[in-house]
Amino acid sequence: LFLAALEQRLAQVVSDIAQLRAQGGSAETRLRGAVALVFEQIGSLAPALRAIEAQGSDPDDRSRKALRRGFRALRDEITALLDEGAESDEFDVVDS
């Protein structure tokens, strides 16, 4: 149950950022919204993250794998926002 809730929460954050990407407006505004959302939502996951850390350092643990998948998806959405901003010349080109 704990793992399912964690996966669902991370998927929701990724979905929310994807919705921000789809909105009109400047890439900077969308990126600022995404960063604010990440800080707000990941902060709410702090107890779950601490519980996973308390389990030890087994890299094959299901909860750690779920966490890595969720954060990879989150990284990909933010990378896409940075790339969009670079393509529209709002941002300098970065190696995202």
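Here is a short walk through this predicted model, point by point.

1. **Ground rules.** This is a predicted model, in which local features need pLDDT of at least 70, side-chain atom pairs count only at pLDDT 80 or more, and totals for chains, interfaces and linings use all residues. Residues are numbered from 1 along each chain as its sequence is written, and side-chain values use heavy atoms, with hydrogens and water left out.

2. **The overall plan.** The protein chain has four helices and zero strands. Read from the N terminus, its elements run α-α-α-α. Helices here are DSSP runs of H or I with at least four residues, strands are runs of E with at least two, and both are numbered from the N terminus. The C-alpha trace spans about 45 × 25 × 15 Å along its principal axes.

3. **Surface and interior.** The accessible surface of the protein chain comes to about 6,100 Å², and 53% of that belongs to carbon and sulfur atoms. Such areas come from the Shrake-Rupley method with a 1.4 Å probe, and for residues only the protein chains shown count as cover. Of the 96 residues in the protein chain, 32% are buried. Buried means under 20% relative accessible area, exposed means over 50%, and partly exposed is in between (1.4 Å probe, protein chains only).

4. **Contacts along the chain.** Take the contacts between residues at least 6 apart in sequence: 62% of them join residues at least 24 apart. Contact means heavy atoms within 4.5 Å.

5. **How α1 meets α4.** Two packed helices are described by the angle between their axes and the distance between the axes. For helix α1 (residues 2–22) and helix α4 (residues 62–87), the axes come within 9 Å and cross at roughly 5°. The two helices are therefore roughly parallel to each other. By class, their contact has 14 nonpolar, two polar and six charged residues. A few terms need spelling out here. Axes are lines fitted to C-alpha atoms, for helices over the stretch in contact, with angles from 0 to 180 degrees between N-to-C directions. Angles under 35 degrees count as roughly parallel, over 145 as roughly antiparallel, 65 to 115 as roughly perpendicular and the rest as oblique. Nonpolar covers Ala, Val, Leu, Ile, Met, Phe, Trp, Tyr, Cys and Pro; charged covers Asp, Glu, Lys and Arg; the others, Gly among them, are polar.

6. **The core.** Which residues touch the most other members of the largest nonpolar core? Among its 19 residues, they are Leu-6, Leu-10, Ile-17, Ile-42 and Leu-74. The elements giving two or more residues to this core are α1, α2 (27–44), α3 (46–54) and α4. A nonpolar core is a set of buried Ala, Val, Leu, Ile, Met, Phe, Trp, Tyr and Cys residues joined through side-chain atoms within 4.5 Å.

7. Leu-6 lies in helix α1 and is buried, with a relative accessible area of 3%. Leaving aside neighbours within four places in sequence, Leu-6 is in contact with Leu-45, Ala-48, Ile-52, Ser-63 and Leu-67. One of these, Ala-48, is 42 residues from Leu-6 in sequence and 7.3 Å away in space, C-alpha to C-alpha. With residues up to four places away again not counted, Ile-17 touches Ala-34, Leu-37, Val-38, Leu-74, Glu-77 and Leu-81.

8. Is Gln-41 buried or exposed? Gln-41, found in helix α2, counts as buried at 9% relative accessibility. Beyond four places in sequence, Gln-41 touches Arg-9 and Val-13. Glu-40 lies in helix α2 and counts as exposed at 54% relative accessibility.

9. **Asp-16.** This residue has its place in helix α1 and is partly exposed, with a relative accessible area of 22%. The C-alpha atoms of Asp-16 and Leu-37, 21 residues apart along the chain, are separated by 8.2 Å.

10. **After α4.** Phe-91 is found in the segment after α4. Not counting residues up to four places away in sequence, Phe-91 touches Ala-27, Glu-28, Leu-31, Leu-81, Leu-82, Gly-85 and Ala-86. Phe-91 and Glu-28 are 63 residues apart in sequence and 8.0 Å apart in space, C-alpha to C-alpha. Asp-89 is found in the segment after α4 too and is exposed, with a relative accessible area of 68%. Most residues other than glycine have a negative phi. Phi of Asp-89 is near 65°, a positive value in a residue other than glycine.
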